[in-house]
Amino acid sequence: MKKVLNYAKCFLAHPAKSEINLLIFNIVAAIFPAIFMVDWYLLGLVIAADIVVCMAHGAWSYGREISFGIKEASLARQVPPWQTPVNSSYRIFALGSICILCTIQEVFHLVNPDAANIIRTYAWYGAVIVAVCDAFRCVLKTMNSIDESWLAGTNGSIGIPNWISIVRIGVALITPHIYVTQSFGAWSNIVATVILAAAILTDMLDGYIARSTGQITKAGKALDPLGDKFILYPNAAAFVIATSGQLAMPDMLRFKATIVVAICLTVGRDLLFILWFFIKGRKLKDGIGASLVDKARMLAICVWLGGTAMAVTLSGTLFGTFMAWAAFCSLLVTGILSVISLIVDFSRVKKLAKN
């Protein structure tokens with residue numbers, strides 16, 4: 001907690017102009033919700049990403065003060081060398097212009113209000129993806145400035161495999177909003193499911209690219225399992241809300257106890273591993289990435305969520321019934337794989353600790 005306060009103080013001592021602009025934009029958007037069509041989930045993600053960027057800047061400044069002394073660090077450049085105005089420019093000019101233009105067109109009846117809302121929603125989706133990617137980029141660069149082993153495999157750059165992981169997280173964070181608000185109409189559940197499926201496929205792709213190009217990094221090993229959590233839990237929560245707690249079709253509810261056990265195993269596995277990581281795992285020299293069992297588990301989770309979404313959407317049809325059973329079976333497989341992956345990961349950690 002003390003370090004976090006030090007990071008905040010260092011940022012406030014030398015704030016970057018682009019970061020201040022972002023904070024001002026967020027405040028204006030919250031004050032004028034009718035103009036900017038503020039959705040509190042999307043705005044919350046953007047604000048959280050901006051806070052992470054500011055804290056990363058503070059951590060970088062704090063590291064410089066520790067290394068060079070307060071006076072010397074204050075005289076030197078206080079804006080991180082990786083700081084770019086991409087996030088700020090997009091939000092202030094692109095998103096701001098889109099929202100204001102749509103509002104003006106609504107007032108003068110030049111565009112249908114529903115169409116204007118859809119345009120603004122999609123613009124906010126873009127803002128979330130850009131903000132999340134920017135936050136992860138700043139954090140990785142900050143960590144590498146403190147410990148160069150984090151991006152050693154890419155000579156200090158983020159690298160294509162890590163960018164794939166980061167973009168996957170940013171895109172996956174908008175699918176909960178699609179599930180809950182049905183922003184794509186009758187196709188919303190299917191669109192969200194396709195996005196989740198793409199996230200799982202790219203999860204396998206980034207590891208292959210990293211190995212084939214020699215861009216394996218400690219940061220990538222940390223992003224891999226972390227990305228899975230960002231994909232799983234927000235979407236699972238949104239899915240429960242969107243389907244009024246319907247985790248499977250009514251035909252499956254006679255297996256309610258089995259469903260509850262499978263979900264508890266899935267969540268419990270991640271809670272145990274996260275707890276262990278904060279106690280001991282972060283001390284590992286090379287980090288630990290997701291295993292093949294973890295990949296299979298995430299694929300099963302995607303089939304469960306996507307299958308149930310399509311079963312709800314196509315309720316009463318033969319294909320809907322098939323997808324309901326496929327979702328139920330994949331949930332059982334998820335519970336089993338959760339136990340196996342926990343055992344596999346702990347055995348991998350034990351080997352790494354010996355080396």
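Colleague: Among contacts in the protein chain between residues at least 6 apart in sequence, what share joins residues at least 24 apart?

Modeller: The share is 79%. A contact here means heavy atoms within 4.5 Å. Before we go on, note that this is a predicted model: local features need pLDDT of at least 70, side-chain atom pairs count only at pLDDT 80 or more, and totals for chains, interfaces and linings use all residues. Residues are numbered from 1 along each chain as its sequence is written, and side-chain values use heavy atoms, leaving out hydrogens and water.

Colleague: How many helices and strands does the protein chain have?

Modeller: It has 14 helices and zero strands. Helices are DSSP runs of H or I with at least four residues, strands are runs of E with at least two, and both are numbered from the N terminus.

Colleague: How do you know that the length of helix α13 agrees with its number of residues?

Modeller: Helix α13 covers residues 292-313, which is 22 residues. The expected span is 1.5 Å times one less than the number of residues.

Colleague: What makes α13 mostly covered?

Modeller: In α13, 16 of the 22 residues are buried. Buried means under 20% relative accessible area, exposed means over 50%, and partly exposed is in between (1.4 Å probe, protein chains only). Across the protein chain, buried residues make up 46% of the 355 residues.

Colleague: Why is Thr103 called buried?

Modeller: Its relative accessible area is 18%. The limit is under 20%, so Thr103 counts as buried. Thr103 sits in helix α6 (residues 86-107).

Colleague: What makes the link between the side chains of Thr103 and Arg120 a polar contact?

Modeller: The distance is 3.0 Å. A polar contact is a pair of N or O atoms within 3.5 Å; within protein, one must be able to donate a hydrogen and the other to accept it, and residues adjacent in sequence count only if both atoms are side-chain atoms. A polar atom of the Thr103 side chain also lies 3.2 Å from the backbone oxygen of Ile35.

Colleague: Which residues have the most contacts inside the largest nonpolar core?

Modeller: They are Phe36, Leu95, Trp124, Val128, Ile166 and Tyr179, in a core of 58 residues. Helix α7 (residues 113-146) gives the most to this core, with twelve residues. A nonpolar core is a set of buried Ala, Val, Leu, Ile, Met, Phe, Trp, Tyr and Cys residues joined through side-chain atoms within 4.5 Å.

Colleague: Why is the aromatic pair of Phe25 and Phe36 called edge-to-face?

Modeller: Rings of Phe, Tyr and Trp (its six-membered ring) pair if their centres lie within 6.5 Å; planes under 30 degrees apart are stacked, over 60 edge-to-face, and the rest tilted. The centres of Phe25 and Phe36 are 5.5 Å apart, with 80° between the planes. Both Phe25 and Phe36 are buried.

Colleague: Why is the pair of Tyr122 and Phe184 called stacked?

Modeller: There the planes are 20° apart and the centres 5.0 Å apart. Tyr122 lies in helix α7 and Phe184 in the loop between α9 and α10, so the pair ties together parts that are 62 residues apart in sequence.

Colleague: Are Tyr122 and Phe184 buried, partly exposed or exposed?

Modeller: Tyr122 has a relative accessible area of 33%, so it is partly exposed. Phe184 has 31%, so Phe184 is partly exposed as well.
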